[in-house]
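Have a look at the model first.

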Amino acid sequence: MNKEIYTSIFSKKQNHKKGFAILLDPDNISIEQVKVIIDKAEKGTVDYFLVGGSIILDMLHFQELVVFLKNNTQIPVVLFPGNLQQIHQEADALLLLSLISGRNPELLIGQHVLAAPMLKKSKLEVIPTAYLLIDGGKETAVTYMSNTKPIPANKPEIAISTAMAGELLGLQLLYVETGSGADSSVPVNIIKGLSREIDIPLIVGGGIRDVKTAQMLLENGADIVVVGNHIEENIDFIEEMSQMMEHIHS
Ligand code: 1GP
């Protein structure tokens, strides 16, 4: 299997390079908006587009969005699927998320079993990902749809042990978030602890609405930060983030 995207994430980590990804929720983004986002992302420092959502109402638009991105930008398109409907062969990679902070067997292994025969046949790069939800202050679509409880924000030891288990199980990436649209982002002490104890690359998202928070998460151990909602509200945030990313590398 092609491992281009994972190799790029892993080698960035080894070279202490930080990453910035934009999450596109197909239900909230039109093709016209995506054109503007692509333009700003290419002028800036955007490493990946993630596409997905806890629930997508318009699956045809999801498919159209993936194809449009593939035809109109060189920035890699990585699927961040809320369920197995959200698989598209033309994407560059798919995060095969196992929601290890929860105890819902469907999202630990059930959906994976159903998707596996198709994924084995496809050329899609599959990245086994430990997915952890941390409480971000309110119920988000992902906690409701996943029917799981997030890890309490004041219990870093639970987050760290859970991530350790994921790493020991052989998962290659850690995606930690408070859920799209959360009131708060993942607490810095959790990020610090995870980056101290875990060797696999760490992606952090949920509730990031200002550059200072993104920078703080990156400086304390996140390898890649993901912003979704705030870019839907304010496309110019891509420029602000890009400037910070350049500064963090200089
Ligand atoms: C969700 O981390 C992402 O996985 C993005 O969250 O939409 O709150 O930026 P936001």
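Start with Y175: an N or O atom in its side chain is 2.9 Å from an oxygen atom of the ligand. On its own the ligand has 310 Å² of accessible area, and the protein covers 98% of that (areas by the Shrake-Rupley method with a 1.4 Å probe).

A quick word on the model: it is predicted, so local features need pLDDT of at least 70 and side-chain atom pairs count only at pLDDT 80 or more, while totals for chains, interfaces and linings use all residues. Residues are numbered from 1 along each chain as its sequence is written, and side-chain values use heavy atoms, with hydrogens and water left out.

Now step back to the shell around the ligand. It holds 14 residues, with E177, S180, G181, G228 and N229 the closest; a residue is near if one of its heavy atoms lies within 4 Å. By class, the shell has five nonpolar, eight polar and one charged residues, and Gly counts as polar here.

Where does the ligand sit? You'll find it in the largest pocket, meaning that more than half of its atoms lie within 2 Å of the pocket's grid points. A pocket here is an open set of points on a 1 Å grid over the protein atoms alone, where a 1.4 Å probe fits, with protein on both sides within 12 Å along at least five of seven lines; lining residues have an atom within 4 Å of a point. Strands β6 (173-177) and β8 (224-227) are the elements that give two or more residues to the ligand's shell (strands are DSSP E runs of at least two residues, helices H or I runs of at least four).

The largest pocket holds about 790 Å³ of space, counted as the space filled by probe spheres set on the points. Its lining runs to 46 residues, and G53, S54, F80, G82 and Y131 lie nearest the centre. That lining divides into 22 nonpolar, 19 polar and five charged residues.

Finally, the second largest pocket has a volume of about 160 Å³. M1, L96 and H112 are among the residues lining it, and α4 provides the largest share, four residues.

Definitions and conventions. A polar contact is a pair of N or O atoms within 3.5 Å; within protein, one must be able to donate a hydrogen and the other to accept it, and residues adjacent in sequence count only if both atoms are side-chain atoms.
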